[in-house]
Amino acid sequence: MADNVVDGVVEPPAPGDVLPLPEPGSDDDRQIEALGAEALRRGEVGIVVLAGGMATRMGGVVKALVEAVDGLTFLDVRLRELDAAERRYGRRPPLFMMTSAATDGPIREALGDRADGLGIGLFQQGVALRETPEGDVFRDDAGKPSEYAQGHGDLVDAFRDSGLLDAFVAAGGRTLMLANLDNLGATLDAAVTDWHLAHDAGLTCEVVDAAGDRGGWPVRWNGRPVILEDFRLPPGFDPSSAGVFNTNTFHVDAAELVAHEADWTWFRVEKEVDGRTAIQRERLLGELTSHLETRFLQVPRSGPGSRFLPVKDHDELAARRPELRDALTARGILG
């Protein structure tokens, strides 16, 4: 929408803005993997998974509890990822999950006593009421005010308010991988962790080759490397000129999140609800790139090493299962 479009100059990434992950098995790869492994062994690395939303895309079933592959739910796979890391590095990284009013209860029930706030911690994103285009409260077909989750940009405030972020840092935590629940390609990787640590930026954003995508684009905005969503780009700017696409997987210094005080932008988004237009105000996690010094890391999009295997609905899940199985087996999470 017009009021979401940025002011100023938007350009494709400059030379050197997007850097590749070293080839697996290369000398550079072995060196940084060894350093990243040491950070994992010291307990300095944690995972934050975005598991909120309104549980609508999978037919009203909470996606975390949908079977992803080989009888395992998305949540099961994330837990097996912790098992694999513990086997490999001798230490189990903590898992934090941002839930919503719609997903928190079922996920807590599935986790039971494992959600102890230490090894596994849950915190909720905010909820708000939809509006009509005229600015009134939007009501559903039953006449009730229609609620929605405010977007994954809630993560920083909600994580801090929960106390879990401070506890992670107090226990020696240094680095957090932030990833979507439904992108099972985004797993903990010692080489990626150390690439982030070695490149002297508060935030590393994973990107992949662009392939007809819609969403967030790595660009330069007024000379600064940032992620801008399609709806924020000025008319006439060709997003494919970026060459790469944002995966919504980030690696961030935990201390940067603790100290982050910048105001977030609320974006006006139109949704079809009960056959009518509703207005939502949402925050986006990618806006962190507008506040923290950011590096773009290009990671594989295809093959067993793919770090971008998103699943939005049942059809995409069915098509992705062979890729998911190959990738998770190669990483010791399946098999």
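Colleague: Which strand does β10 pair with in the antiparallel sense, and what makes that a pair?

Modeller: Strand β14 (residues 244–253), over four bridges. Pairing needs at least two bridges between the strands, so with four bridges β10 and β14 count as paired. Keep in mind that this is a predicted model.

Colleague: Why is β10 called largely enclosed?

Modeller: Buried means under 20% relative accessible area. Six of the six residues of β10 (residues 175–180) are buried, so the rest of the structure largely encloses this strand.

Colleague: How do you know that both faces of β10 are covered?

Modeller: In a regular strand, side chains alternate between the two faces of the sheet. Here Thr175, Met177 and Ala179 are buried on one side, and Leu176, Leu178 and Asn180 are buried on the other.

Colleague: What makes a set of residues a nonpolar core, and which have the most contacts inside the largest one?

Modeller: The members must be buried nonpolar residues joined through side-chain atoms within 4.5 Å. The largest such set has 43 residues, with Phe74, Val77, Leu95, Met97 and Ile107 having the most contacts inside it. Helix α2 (residues 74–89) supplies the largest share, eight residues. A second, separate core has 28 residues, including Leu155, Val207, Phe250 and Val252.

Definitions and conventions
Residues are numbered from 1 along each chain as its sequence is written. This is a predicted model: local features need pLDDT of at least 70, side-chain atom pairs count only at pLDDT 80 or more; totals for chains, interfaces and linings use all residues. Side-chain values use heavy atoms; hydrogens and water are left out. Buried means under 20% relative accessible area, exposed over 50%, partly exposed in between (1.4 Å probe, protein chains only). Helices (H or I, at least four residues) and strands (E, at least two) are DSSP runs, numbered from the N terminus.
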